[in-house]
Amino acid sequence: MNKSPDNHIRPPNLVFIDTSRPAVDETREVQASLGDQRPSLSPKFFYDSRGSELFEAITELPEYYLTRAEAQIFEQQLEDIITTLGPVDVVIEPGGGSCSKVRVLLNPMQPRAFVAIDIAGDFLQQAASEVARDWPELEVTAIAADFTRSWDFTDALPAGRRLVFYPGSTLGNFDPEAQASFLGQLASVAGSDGGILLGVDLHKDSSVLHAAYNDASGLTAAFNRNMLNVVNARTGADFRPDEWQHEARYNPTRRRIEMDLIASTRQAVTVGGREFIFESGDAIRTEHSCKFTLDDLQQLAASAQMALSHHWLDSRGLFCLALLEPA
Ligand SMILES: C[S@@+](CC[C@H](N)C(=O)[O-])C[C@H]1O[C@@H](n2cnc3c(N)ncnc32)[C@H](O)[C@@H]1O
């Protein structure tokens, strides 16, 4: 049997592929985005093992309705979802994280193979091992990769009718143009007989959204600040996370949560030998979380040569599970 880096026995039905990029690429990327007129860091830097654990804890918060609303759709409408999807050979989950959501699909759908792709490689490998152990007949592939950079692992994906499973409203972290091109990428992975099962958060009252991203226990603030630890570890930068404050606001015009880190003191930060000066009150944008209407989804699907063929809502109409199929 193979052993994973943390020395656990790797189940025989799990293949782990690591496509991690050289750190120098990420250093340049961070320098470029911090050097913008409006400094930002990509939300992918939220996720090391600690960030993934914090995210899982956020999904349990009373204010964070998204995960519960999505789970309710599966609980109450699973039979219809499975019938509508039809036979599936391969489930592919970009941003699989804890791989917890796919579990509900595996027994009724009985795919031959499951592929999870995530930037947090260690966390993914652990989660995929658990899936492989619980479904010993399933071919499980875990791919540590940055899906915003390259899909050069596509040839390694198993053949058959494919379902790309992209829950959790992670698509909303992209800006609208990038959403369309990412969906185009997912559509080409799904193929002409496959589909994309997409979970997206819907536009709603600002106070509900504000509470979801400003929880009373401060977990979202810790998650936001942890990004600076991740950037330090991946690029050798010297951010001092304690000197940055969490801020998240809903922008109703752009229909998105805008999350920032605000410098609480004047500070100099060095990334790969380049110095960045932040005055007290300066902001680094860390996340957009776009909220959707059904019209948005239809247009987005069309931009990726897909059609919104079915959708399911939770009982309060907070969240939408959408099936996109080739137009
Ligand atoms: C919002 S979480 C969603 C996790 C899970 N799919 C869910 O629905 O609960 C986003 C996931 O995408 C992963 N992720 C974010 N950016 C990524 C990137 N550029 N490449 C690969 N994975 C990424 C994160 O590590 C995390 O597991």
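How many bridges join β1 to strand β4, and do they run parallel or antiparallel? Five bridges join β1 to β4 (residues 139–144), and the two run parallel. Ile17 stands opposite Ile143 in β4.

Some ground rules before going on. This is a predicted model, where local features need pLDDT of at least 70, side-chain atom pairs count only at pLDDT 80 or more, and totals for chains, interfaces and linings use all residues. Residues are numbered from 1 along each chain as its sequence is written. Helices (H or I, at least four residues) and strands (E, at least two) are DSSP runs, numbered from the N terminus. Two strands pair if DSSP finds at least two bridges between them.

**The eight-stranded sheet**

β1 and β4 belong to an open sheet of eight strands, ordered β1-β4-β3-β2-β5-β6-β13-β12, with mixed pairing. β1 (14–18) and β12 stand at the edges with a single partner strand each, so one side of each is left without a neighbour in the sheet. Neighbouring strands here are turned by 20° against each other on average, direction ignored. For angles, axes are lines fitted to C-alpha atoms (for helices over the stretch in contact), and values run from 0 to 180 degrees between N-to-C directions.

Now for the helices on this sheet. Helix α5 (residues 121–134) packs on it, touching β1, β3 and β4, and its direction makes about 175° with that of β4. Helix α6 (residues 176–190) lies across β2, β5, β6 and β12, running at about 150° to β5. Contact means that the C-beta atoms of two residues, placed from the backbone, lie within 7 Å.

A residue is buried if 20 or more other C-beta atoms lie within 10 Å of its own, exposed if 12 or fewer, and partly exposed in between, with C-beta atoms placed from the backbone. Val90, Ile92 and Pro94 point one way from β2, Val91 and Glu93 point the other way, and all are buried.

| β3 (residues 113–118) | parallel | five | Ala113 |

Arg103 is found in α4. It counts as partly exposed, with 15 C-beta neighbours inside 10 Å. The C-alpha atoms of Arg103 and Asp134 are separated by 9.5 Å, although the two residues are 31 apart along the chain.

**A bent helix**

Helix α3 (residues 65–85) has 21 residues, but its end C-alpha atoms are only 26 Å apart, short of the 30 Å that a straight helix would reach at 1.5 Å a residue. The expected span is 1.5 Å times one less than the number of residues. α3 bends by about 85° at Gln77, where the bend is the angle between axes fitted to the seven residues ending there and the seven starting there. Just after α3, Gly86 takes a positive phi of about 70°.

The buried residues of α3 are Tyr65, Leu66, Thr67, Ala69, Glu70, Ile73, Ile81 and Leu85. What covers them includes β5, β6 (195–201), α7 (206–212), β12 (306–313) and β13 (319–326).

**The three-stranded sheet**

Three strands form another open sheet in the order β7-β8-β11, with antiparallel pairing. Its edge strands are β7 (244–251) and β11 (283–290), each pairing on one side only. Neighbouring strands are turned by 20° against each other on average, direction ignored. β7 and β8 (residues 256–263) pair over eight bridges, and Asn251 stands opposite Arg256 in β8. Helix α8 (residues 219–235) packs on this sheet, touching β7, β8 and β11, and its direction makes about 115° with that of β7.

In the loop between β10 (274–278) and β11 sits Ser280. With 11 other C-beta atoms within 10 Å, Ser280 is exposed. Leaving aside neighbours within four places in sequence, Ser280 is in contact with Ala263, Ser264, Thr265 and Arg266. Ser280 and Ser264 are 16 residues apart in sequence and 5.1 Å apart in space, C-alpha to C-alpha.
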